[in-house]
Protein chains: 2
Amino acid sequence: MKIIRDVEEMMALSRSWAGHTVGFVPTMGYLHRGHTSLMQLTRPLCEHLVVSIFVNPLQFHANEDLGRYPRDPEGDAQKCAAAGVDVLFIPEGFYPANFRTRVIVSGVSSRWEGAERPGHFEGVATVVARLLGIVAPTVACFGEKDFQQLEVIRSMARDLALPVRILSGPLVRDDDGVALSSRNVYLSPSQRERARSLNRALFAIRDHRGTVGERLAAGAAFVDSDKIDYLAIVDAEDLEPLPDDAPVTRSARAIVTARYGSVRLLDNVAIEPDPR
Amino acid sequence: MKIIRDVEEMMALSRSWAGHTVGFVPTMGYLHRGHTSLMQLTRPLCEHLVVSIFVNPLQFHANEDLGRYPRDPEGDAQKCAAAGVDVLFIPEGFYPANFRTRVIVSGVSSRWEGAERPGHFEGVATVVARLLGIVAPTVACFGEKDFQQLEVIRSMARDLALPVRILSGPLVRDDDGVALSSRNVYLSPSQRERARSLNRALFAIRDHRGTVGERLAAGAAFVDSDKIDYLAIVDAEDLEPLPDDAPVTRSARAIVTARYGSVRLLDNVAIEPDPR
């Protein structure tokens, strides 16, 4: 496995691959089984597999955890090599001097994480657009754990007609049901125990029969957190909330974000439409 | 020459060209020698040459001339065929339903045309990003006539690491010195005569020896128009105005936009730094 830190070198290599299949899994590092599952999903689809590790300052705002985002470069490299990655791209000087372009996806990015974290999805869309430009993959894989992010990226790729197939990999849970996240490392043992309530709530929402409002009430009863930022059932494509007083009639997602001290945890689960 | 109107068909064709050199000249049609000169510049650099004609509603605001922008589809097709174009792309249904992505280039797009036409460069950057995605060229060529637009596109291509070389072609003048523009067709004979003053002003600015302010005064004396939107000497890369009280010490551009009735005309000329 080759480690590349220079943006120009990565671009020269990806340009030399023109006509080949190239897979790409962008990450912020501190890799877990959620990330490696995306690599495993992408590996058979490409001749060259690239993973990037870049903690993107554009998607954090001033009082977020950019500075203390967890890092483990050696462990990350071992996991990538074991997953059959060809190139690990850890860019230095990622944004050029006078970088002045932003990619903004409206609609799907306005609610939920977009409302809680102003500018977050602008930062995500911009970094992903630039990464896709540098790596020029034929297929890029993102986790369903960040479900809204995935839909923002799908919208961008479709609207800008990017020459890449956007693939998604299912959320991966730990043995106790908690969704894998690099930020789980910040949880105290008692917070971790309470965090198990989030997936229980989502499964209750998924399995309850009734209107959207009734499902949400059934789920909310489970949540044990310091603060629920949101708990909703949304359209699986545009992320708009479904009406409270009707059953689920189309492909949907139950999404939750809750806080444990200063740690925000996200989780989600697919909701199939009620049988008619 | 093949004419393609369907976006998916154009994408399928460009994807089949992976590994080949593809040239691209995006236009709004009503082609003149300025456009065909870009095709001639690009033709030797590529195996496949694509020209697009699309009058992009995103770059016009409500009270501009979108509805009456001149059109000549048959003449355009003849000129493209004569210039050795392989594919003329005249998209129908260019923006998909729920199109929600915008590309914004700050800095270089804020002054001049950006200030006179709010949202204009956002529309330009967005349509060019989507066109580049659809056509996937290895080289794309833009006219220096729209000098600020060219710098906006260069910034975007650099920032998003687009796998395309951005080429520019010199502004082309008519025999009377007026810069070729599709909008010249709207000028009355007397407006056309007065419009000759713009290139005279620019050449006076270029040839005058003195400070920026003195050069501009020398040029302004020539301009005969209903309104000057701006007349300036700017840095050739970031389009910031050079200080009035100093000579030109770096590569610069004299730019002018002036009105004749409802017609806005743009012109520009390169200014070499004064010898030390």
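## Pairing between the two chains

In strand 5 of chain B, the residue B:Val105 is the bridge partner of A:Thr101. This pairing belongs to a set of five bridges that join strand 5 of chain A to strand 5 (residues 101-105) of chain B, and the two strands run antiparallel. Strands are DSSP runs of E with at least two residues, helices are DSSP runs of H or I with at least four residues, and both are numbered from the N terminus. Two strands are taken to pair if DSSP finds at least two bridges between them.

The structure is a predicted model, in which local features need pLDDT of at least 70, side-chain atom pairs count only at pLDDT 80 or more, and totals for chains, interfaces and linings use all residues. Residues are numbered from 1 along each chain as its sequence is written, while chains are lettered from A and ligands numbered from 1 in the order in which they are written.

## The contact surface and its symmetry

The contact takes 28 residues from chain A and 28 residues from chain B. On the side of chain A that touches chain B, at least two residues each are supplied by helix 1 (7-16), strand 5 (101-105), helix 5 (120-135) and helix 6 (147-159) of chain A. Strand 5 of chain A gives the largest share, five residues. By class, this side of chain A has 16 nonpolar, six polar and six charged residues. Here Ala, Val, Leu, Ile, Met, Phe, Trp, Tyr, Cys and Pro count as nonpolar, Asp, Glu, Lys and Arg as charged, and the others, Gly among them, as polar. Two residues are in contact if their C-beta atoms, placed from the backbone, lie within 7 Å.

Chain A is superposed on chain B by a rotation of 180° with 0.0 Å of shift along its axis (RMSD 0.0 Å). That is the relation of a two-fold axis. The same surface serves both copies, since 100% of the contact residues of chain A recur in chain B. The superposition is by least squares on the C-alpha atoms of residues with pLDDT of at least 70 in both copies.

Strand 2 (residues 22-27) of chain A is joined to strand 3 of chain A by six bridges, and the two run parallel. Within this pairing, A:Thr27 has A:Ile53 of strand 3 as its bridge partner. Strand 2, helix 2 (residues 33-42) and strand 3 of chain A make a right-handed β-α-β unit. A crossover is right-handed if, with the strands pointing away from the viewer, the path from the first strand over the helix to the second runs clockwise.

Strand 3 of chain A also pairs with strand 4 (residues 87-92) of chain A, in the parallel sense and over three bridges. One of the paired positions is A:Val51, whose bridge partner in strand 4 of chain A is A:Leu88. The chain passes from strand 3 through helix 3 (residues 73-82) to strand 4 of chain A, and this β-α-β crossover is right-handed. Five of the six residues of strand 3 (residues 48-53) of chain A are buried, so this strand is largely enclosed by the rest of the structure. A residue is buried if 20 or more other C-beta atoms lie within 10 Å of its own, exposed if 12 or fewer, and partly exposed in between, with C-beta atoms placed from the backbone.

Strand 6 (residues 139-143) of chain A runs parallel to strand 7 (residues 165-169) of chain A, and five bridges join them. A:Phe142 stands opposite A:Ser168 of strand 7. Together with helix 6 of chain A, these strands make a right-handed β-α-β unit.

A:Ser181 is placed in the loop between strand 7 and helix 7 (189-207) of chain A. A:Ser181 is buried, with 24 other C-beta atoms within 10 Å. Leaving aside neighbours within four places in sequence, A:Ser181 is in contact with A:Lys145 and A:Leu265. A:His35 is 146 residues from A:Ser181 along the chain, yet their C-alpha atoms are separated by 9.4 Å.

## The antiparallel sheet

Three strands of chain A form an open sheet in the order 8-9-10, with antiparallel pairing. Strand 8 (227-235) and strand 10 (263-271) of chain A are the edge strands, each pairing on one side only. Strand 9 (residues 252-260) and strand 10 of chain A pair over nine bridges in the antiparallel sense, and the bridge partner of A:Ile255 in strand 10 is A:Asn268.

A:Ala258 lies in strand 9 of chain A and is buried, with 23 other C-beta atoms within 10 Å. Beyond neighbours within four places in sequence, the contacts of A:Ala258 include A:Leu198, A:Val223, A:Lys227 and A:Leu265.
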